[in-house]
Amino acid sequence: MSADSIFSALIACLFLLLGLVWGAVLNWFAGSVTEEGELRPGPPSCSKCGVKRPAKTLVPLLGYFMAGRRCQGCREAIPARAPVVEAVTGMLFAALYLNYGLSWTLLILLIYSTVLITLFVTDLEHFILPNVVTYPSLPLAALVALAVTLAHYRLPWALFFSGSGFMALLNNFFLCALVGGLCGALLLFMVVVLSKGGMGMGDVVLAGLLGLMVGFPLVFIALFLSILAGGIIAAALLISGRKKRREMLPFGPFLCIGGIVTLLWGREILGWYLGLI
Ligand SMILES: [Zn+2]
């Protein structure tokens, strides 16, 4: 091994640790969102009986096991979400560093995945995409798009549009992001109106946010992947009998997964799709 590869392996380990700790912070943050979508930060506590959890539950990965996996108050099993979120965040951070090195792309992806993982957890557990997370993320993503455009920085997921007219305008990533955000929000808004329930305005805002992050037309890939993942998981839950037909399955977590996958491989998926038709 060369000195360079040892150095980058060390940094990757550092990003893994950073992700584990950051995942624990996200867990704590998502846990302090109430059913009404308000933020009530405090020590971790049981969502059923309100009994406080020991501080050691906050330790990344191990906390869940050290706390006995059951609530001290109501003996309810503590969801295994915490160690899973921490492990995924850690591995994602390390993988992002190994792929993009120390770059602006890495920083942007760390921020975007932080937002999307948080929304994934709150929607899965509380059926809510809290405005305290989505609203500030909208101008943030627009600002990122504006900044990379002004700096002539090419994001790996920014597409090159040949030709002239409207399509050529989209080579400006800021415009591309605004069009993507509008398309995402409008499309989901139509779905919300037509489906009358099942999806809410939180999903509309999140789809708009995804559009701002990935731009046009990758926002359609993100939505397509979300619907695909949602359909597969819903079918699996129905067949295995773990969910009844009428039970609610939040759509936000699938949007978050679709968003992250699109940021990482959206270009390739679009290219593959265009090759098919
Ligand atoms: Zn409890």
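Guide: The model is a predicted one. Ala87 sits in helix H3, which covers residues 81–100. Ala87 has 16 C-beta neighbours inside 10 Å, so it counts as partly exposed; a buried residue would need 20 or more, and an exposed one 12 or fewer. In sequence, Ala87 is 63 residues from Ala24, yet the two C-alpha atoms are 9.5 Å apart in space.

Domain 1 puts 18 residues into the contact, and domain 2 puts in 17. On the side of domain 1 that touches domain 2, helix H1 (3–31) and H3 each provide at least two residues. H3 gives the largest share of that side, eight residues. By class, that side of domain 1 holds 13 nonpolar residues, three polar and two charged.

Last, the chain as a whole. Its secondary structure consists of ten helices and zero strands. The radius of gyration is 20 Å, close to the 19 Å from the globule rule for 277 residues, so the chain is as compact as a globular protein of that length. Along the principal axes, the C-alpha trace spans about 65 × 60 × 35 Å. Of the 277 residues in the chain, 35% are buried. Among contacts between residues at least 6 apart in sequence, 67% link residues at least 24 apart.

Notes
Residues numbered from 1 in each chain as written. Predicted model: local features only at pLDDT ≥ 70, side-chain atom pairs only at ≥ 80, totals over all residues. Helix = DSSP H or I, 4+ residues; strand = E, 2+ residues; numbered from the N terminus. Contact = placed C-beta atoms within 7 Å. Nonpolar A, V, L, I, M, F, W, Y, C, P; charged D, E, K, R; others polar. Rg over C-alpha atoms; globule rule 2.2 N^0.38 Å.
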